[in-house]
Amino acid sequence: MLSPRTRHRLFRAGFRAIAASGADRWLAPAARGRGVILTFHHVRPGPVPGFAPNALLSITPAFLDRTLGLLTARGFDLIGLNRVPERLAAPESKKPFAVLTFDDGYRDNVEHARPVLARHGAPWTLFVTSDFADGRGRLWWLELERAIARLDAVPLASGLILPARTDAEKTAAFETVYRSLRAGSEAVLLDDIARLCREAGFEPGGLARDLCLTWDALRALARDPAVTIGAHTLSHPMLAKHEAGFAEREMAESRARIEAELDRPVHHLSYPVGDPTSAGPREFGLAKKLGFATAVTTRPGHLFTEHADHCHALPRVSVNGLHQSDAALASLLSGVPFLAWNRGRRLNVA
């Protein structure tokens, strides 16, 4: 299995090759389909530290501005998520569409992303995790980063101790722990990361208070007609790792909580983590049963007419903080990388 660093070097080389060959333009009419849903997490300025294993989830406001500029230059209509089902069901338009979605409910989305979006007149969707808005909940991937940043050695439950004195050692330790825990149960993952947090001198569960929007802030944001609020479950679990009743409650009760707090209907769902190990056909069926208009994954790809019958398994394209270049952005918007990624398939819903 390739390490994350090797994969990203290959991605970077691929983006450059696509840009150099012009494939992002001449293959785009076939590859980009009807449109694309883009995924963002953090938008914030500042230099990236040497140890930043979650840097892929953060872009700068300047790069968001370049993204919106390139979308306009490449002829994309910027539309809200509410309009996706009708656009997919309508006769094909000459203009592709783009949808902007932000996961988890971070404060920096309002502080740094919203002004950029407003300048471009862009509608956008914020997917809210209820526990994060409550100031609790486990941003476990960030907890793991903070714990390893503070530790000089990372003790594993197996008894093995990983060195973590340098940035390189910390990055290697993070990758080892992350891969191991993601392969197992979520309960073990949360317990092990909580243990590492305490080893590092802080209690787990506090990062949401520092990083995420409160209900009061969300109520103010929801008054903006450019913003759609969607559900991102109660506690951000990897739903496919749990029994069906739990998954259904996480979806349904998160929507009910947001509707009660914000006094407006919630029509859209984002599956936490959203890859095939976290959301699959069972979850797609539950979202449809619960009456969501759309539900989005993190399976990479553009939207095609066939997705009109699979609105609860919509792919998205992540705007990756490790690839904040015009070449990467042009490649992703063209859809060309996903021809290979999805082996020529337009649908990836199994």
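Helix 8 (140-150) and helix 10 (residues 186-199) pack at an angle of about 30°, with their axes 9 Å apart. Axes are lines fitted to C-alpha atoms over the stretch in contact, and angles run from 0 to 180 degrees between N-to-C directions. Helices are DSSP runs (H or I, at least four residues) and strands likewise (E, at least two), numbered from the N terminus. This is a predicted model, in which local features need pLDDT of at least 70, side-chain atom pairs count only at pLDDT 80 or more, and totals for linings use all residues. Residues are numbered from 1 along each chain, and side-chain values use heavy atoms, without hydrogens and water.

- Helix 8 contributes Trp140, Glu143, Leu144 and Ala147 to the contact (heavy atoms within 4.5 Å).
- Helix 10 contributes Glu186, Leu189, Leu190, Ile193, Leu196 and Cys197.
- By class, this contact has eight nonpolar, no polar and two charged residues; Ala, Val, Leu, Ile, Met, Phe, Trp, Tyr, Cys and Pro count as nonpolar, Asp, Glu, Lys and Arg as charged, and the others as polar.

**Cavities**
- The whole structure has two cavities of 30 Å³ or more; a cavity is a set of points on a 1 Å grid over the protein atoms alone where a 1.4 Å probe fits but cannot get out, and its lining residues have an atom within 4 Å of a point.
- A volume is the space filled by probe spheres set on the points, which are joined across faces, edges and corners; the largest cavity holds about 60 Å³.
- The lining of the largest cavity includes Arg299, His302 and Asn348.

How values were computed. 1 Å grid on protein atoms, 1.4 Å probe; cavity = no way out; pocket = protein on both sides within 12 Å on 5 of 7 lines; lining within 4 Å.
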